[in-house]
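I set out to record what I looked up in one model, in the order in which I consulted it. The entries follow the display.

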Amino acid sequence: MRLSRCVMTLGLAAFSPFLTVAAETVAEVSATAAPSVQGNGMNAMNIMNVFGSLIIVLGLLFGLAWLYKKLAIKLPGSSHIKIVSSVMLGPRERILVIEVQGKQRVLGVTANQINMLFELEQPLVDDPAAPDWRTQFQALLQKQKSSS
């Protein structure tokens with residue numbers, strides 16, 4: 001939940017200059033447009049354009065948040081705690097293997113709680129050939145391009 005809020009906040013911060021420019025443009029067009037028959041200067045087509053643009057921006061924002069959540073992109077984190085592996089079991093359940101002070105522990109994570117399941121006797125090796133998020137995103141784009 002916190003991650004979604006963070007992504008949405010970052011998305012709004014990233015799109016805020018565009019939204020400001022769009023609002024100023026709409027205001028300028030409304031101010032310079034000749035009054036219509038209704039007398040207020042706004043007709044149904046202008047209103048539909050504004051709402052259509054808003055729906056596109058919000059859809060893009062939520063789509064990027066969903067994509068970020070589904071790809072489980074690894075961002076640089078704390079140097080003391082490292083997530084070695086993560087497996088989704090359901091929409092809100094996952095199993096994590098974390099490394100703290102050189103020891104790897106397996107955690108069960110749900111929406112309501114986090115439980116330490118056990119400590120690994122043989123640590124999992126970190127796969128250095130695992131692609132970073134840019135490589136994963138490029139592969140996803142290539143797959144989409146080849147399927148269409």
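In which helix does L58 lie? I found L58 in helix 2, residues 44-71. I took helices (H or I, at least four residues) and strands (E, at least two) as DSSP runs, numbered from the N terminus.

**Entry 1: provenance.** I note that this is a predicted model, in which local features need pLDDT of at least 70 and side-chain atom pairs count only at pLDDT 80 or more, while totals for chains, interfaces and linings use all residues. Residues are numbered from 1 along each chain as its sequence is written, and side-chain values use heavy atoms, with hydrogens and water left out.

**Entry 2: overall make-up.** I recorded three helices and four strands, which follow one another from the N terminus as α-α-β-β-β-β-α. Of the 148 residues, 12% count as buried; buried means under 20% relative accessible area, exposed over 50%, and partly exposed in between (1.4 Å probe, protein chains only). I also looked up contacts, defined by heavy atoms within 4.5 Å. Among those between residues at least 6 apart in sequence, 22% join residues at least 24 apart.

**Entry 3: surface.** The protein exposes about 12,000 Å², and carbon and sulfur atoms supply 64% of this area. Accessible areas come from the Shrake-Rupley method with a 1.4 Å probe; for residues, only the protein chains shown count as cover. I returned to L58, which counts as partly exposed because its relative accessibility is 36%. Together with I47, F51, L54 and F62, L58 makes a nonpolar surface patch of about 440 Å². Patches are made of residues with over 30% relative accessible area and no salt bridge; like charges are joined within 9 Å, and nonpolar side chains (Val, Leu, Ile, Met, Phe, Trp, Tyr) within 5 Å.

Entry 4: I found an open sheet of four strands in the order 1-2-3-4, with antiparallel pairing; two strands pair if DSSP finds at least two bridges between them. Strand 1 (81-88) and strand 4 (114-119) stand at the edges with a single partner strand each, so one side of each has no neighbour in the sheet. The twist averages 25° from one strand to the next, with axes taken as lines fitted to C-alpha atoms (for helices over the stretch in contact) and angles running from 0 to 180 degrees between N-to-C directions.

**Entry 5: strand by strand.** Strand 1 pairs with strand 2 (residues 94-100) over seven bridges, and V87 has I95 as its bridge partner in strand 2. These two strands form a hairpin with five residues between them. Seven bridges also join strand 2 to strand 3; here E99 is partnered by Q104. Two residues separate strand 2 and strand 3 in their hairpin, where Q101 in the turn has a positive phi of about 50°. Strand 3 is mostly covered, with six of its seven residues buried. Five bridges join strand 3 to strand 4, G108 being paired with N115, and the hairpin of these strands has four residues between them.

**Entry 6: salt bridge.** How many salt bridges does the rule give? I counted one, the rule being a side-chain nitrogen of Lys or Arg within 4 Å of a carboxyl oxygen of Asp or Glu. E119 forms the salt bridge with R105, and their closest N and O atoms are 3.8 Å apart. The pair links distant parts of the chain, with E119 in strand 4 and R105 in strand 3 (residues 103-109), 14 residues apart. E119 counts as partly exposed because its relative accessibility is 36%.
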